[in-house]
Amino acid sequence: MRAFALIIGNNEYDDSNANLNNASNDANDLAARLEELGFFVRCLINMSCEEIDSVLLDIENTLTEYDLVLFFYAGHGFQIENKNYLTARDTPFENITSITRRSIGLDDIISKLNRPKDLIKVIVLDACRNDPFPNNTRGISTTSLAPMFAPTGTIIAFSTSPGQTALDSGSNDRNSIYTEALLNHLEDENISIEEFFKRVRTTVYNLSNKRQTSWEHTSLIGDIFLNSGNINHSIDLPYRDEVIADKNFVSKGETIDDIINNLKTLKWDCQTKGIENIVLVNKNSIDKNYQFLLGRNIVQAAEGNAYSAINFCEDLSSRLNRWFLNDQNHILNGMLFEIYFNNYGRFRKEKFKSRFLKNFSQLSFNSKFKASFDFIQKQLQPFKDQLIYIPSTNPKTIHLEIILTNNETDSIHYVKSVKHQNREFVHDVDDKLNDISFSIEEFKKQLSNKLFIPENLLKISFNINDDSINVICISKNQSIALSK
């Protein structure tokens, strides 16, 4: 199942009297957890009314690619004249007319999400409809909640019952009580969404000393699970679910199953036997799903130092040549997928399998493998903002600008900045044990590994003459990474 989440957290308002403590934390923390569960996530913090409208229009045409959409809002919410509104950063809290003009109507959001009629819709609102100005509360207006129509296939979950206030801080002082409960019970596996929200309600009621009771409107049909292990990051993959999330693969006892099982072991002799037996298999006797899974496990074995699998990855062009079905090479598709996606079928988020990235990038110059590189490029499009390099058949040199500083008393140069197109990759961290030093060539390899850029496509330039650089040092207070 493919799932998308749009998360909005408005913590800071142009009217500073309405500022909240934890709405942005709630949005960021829920976004991170849903991404771990396999959701495609867009997380928006402190957005204006126009910015929210723009995003809603942008995603409206993409929702047909998904089976489930979850919308979460943390911030001030209210109802006026039987209509519910969610505030934006620039919502003015002056009078009813100005408020309604610069807010987002909840009915409008539900209408946009309801365009694909068979889409499962989960609307979660950590907002109340009370005065926003008292300390530690969310919302505006003392009127009761306007009745909500939940279209078929929709559940609308509120952090409070009518007339109650949603507390902005829970037991951890980072999240609201409601979001804290959501995060807690998203750890509960294989429970229906109705049971999930029932558990959330119990937690909220207890943590708030019976002052806050969450509630839901629902018209869902059938059982829906948010944490079932069956949500993956695929986009129209032409393969079965059990090879996309290959933790669910079950052997059927056939020859190809034995090969895959050998590769899955951590025993080098078994993995060697698996690689050797590949050449004995008639490719026409193996469907594309098994070929895809075989490719994944070759990479997995090679990353685990299986010598025979390493040889395969170092001789890709000749090893893959016999595995074409028309213009498709499902073995290569599986290998490329394994680099970026884990055994749940989810994006690895910097924990990529990078050992043979250079080998695969060299393969991308060969036009006969174009279909496979088009395939992985499509799968990585939702994550393009989290990567610098995405494999393609038209690879381009990636240029990093490095700013170094040094003490006049020594020849050690410290890394101050690493940028690509104004995106910074040097981040402050808790103290490591020691500074780490490199030669220029070692530093380039470090950048290649940390930023997941093939070394043959990486070009670096310094703010000083290369000839004057002997040692490059990364401070113990810094790290180089794609994200913080």
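Q: What span should the 14 residues of helix 1 (residues 23-36) have, and how does the model agree with it?
A: A helix here is a DSSP run of H or I with at least four residues, a strand is an E run of at least two, and both are numbered from the N terminus. The expected span is 1.5 Å times one less than the number of residues. For helix 1 this gives 20 Å, and its end C-alpha atoms are 20 Å apart, so the two values agree.

Q: What kind of model is this, and which residues and atoms count?
A: This is a predicted model, in which local features need pLDDT of at least 70 and side-chain atom pairs count only at pLDDT 80 or more, while totals for chains, interfaces and linings use all residues. Residues are numbered from 1 along each chain as its sequence is written, and side-chain values use heavy atoms, with hydrogens and water left out.

Q: Why do the buried residues of helix 9 line one face?
A: The buried ones in helix 9 (residues 268-278) are Gln271, Gly274, Ile275 and Ile278. Down the helix axis they fall within an arc of 95 degrees, so they line one face; the arc is taken from the directions running from the helix axis to the C-beta atoms. Turned away from that side are the exposed residues Asp269 and Glu276.

Q: What do the buried residues of helix 9 pack against?
A: They pack against helix 8 (255-264), helix 10 (288-303), helix 11 (307-314) and helix 12 (316-320).

Q: What makes strand 2 and strand 11 edge strands?
A: Two strands pair if DSSP finds at least two bridges between them. Six strands form an open, mixed sheet in the order 2-1-3-7-9-11. Strand 2 (40-45) and strand 11 (215-218) each pair on one side only, and this marks them as the edges.

Q: How many bridges join strand 1 and strand 3, and in which sense do they pair?
A: Strand 1 (residues 3-9) and strand 3 (residues 68-74) have seven bridges, in the parallel sense. Leu6 stands opposite Phe71 in strand 3.

Q: Why is Leu113 called buried?
A: Its relative accessible area is 2%, which is under the limit, so Leu113 is buried. Leu113 lies in helix 4. Contact means heavy atoms within 4.5 Å, and beyond its neighbours within four places in sequence, Leu113 is in contact with residues including Ile59, Phe71 and Ile123.

Q: What makes Val415 count as buried?
A: Val415 has 4% relative accessibility, so it counts as buried. Val415 belongs to strand 13 (residues 412-420). Val415 and Ser475 are 60 residues apart in sequence, but 7.4 Å apart in space, C-alpha to C-alpha.

Note on methods. Buried < 20%, exposed > 50% of the residue type's maximum accessible area, 1.4 Å probe, protein only.
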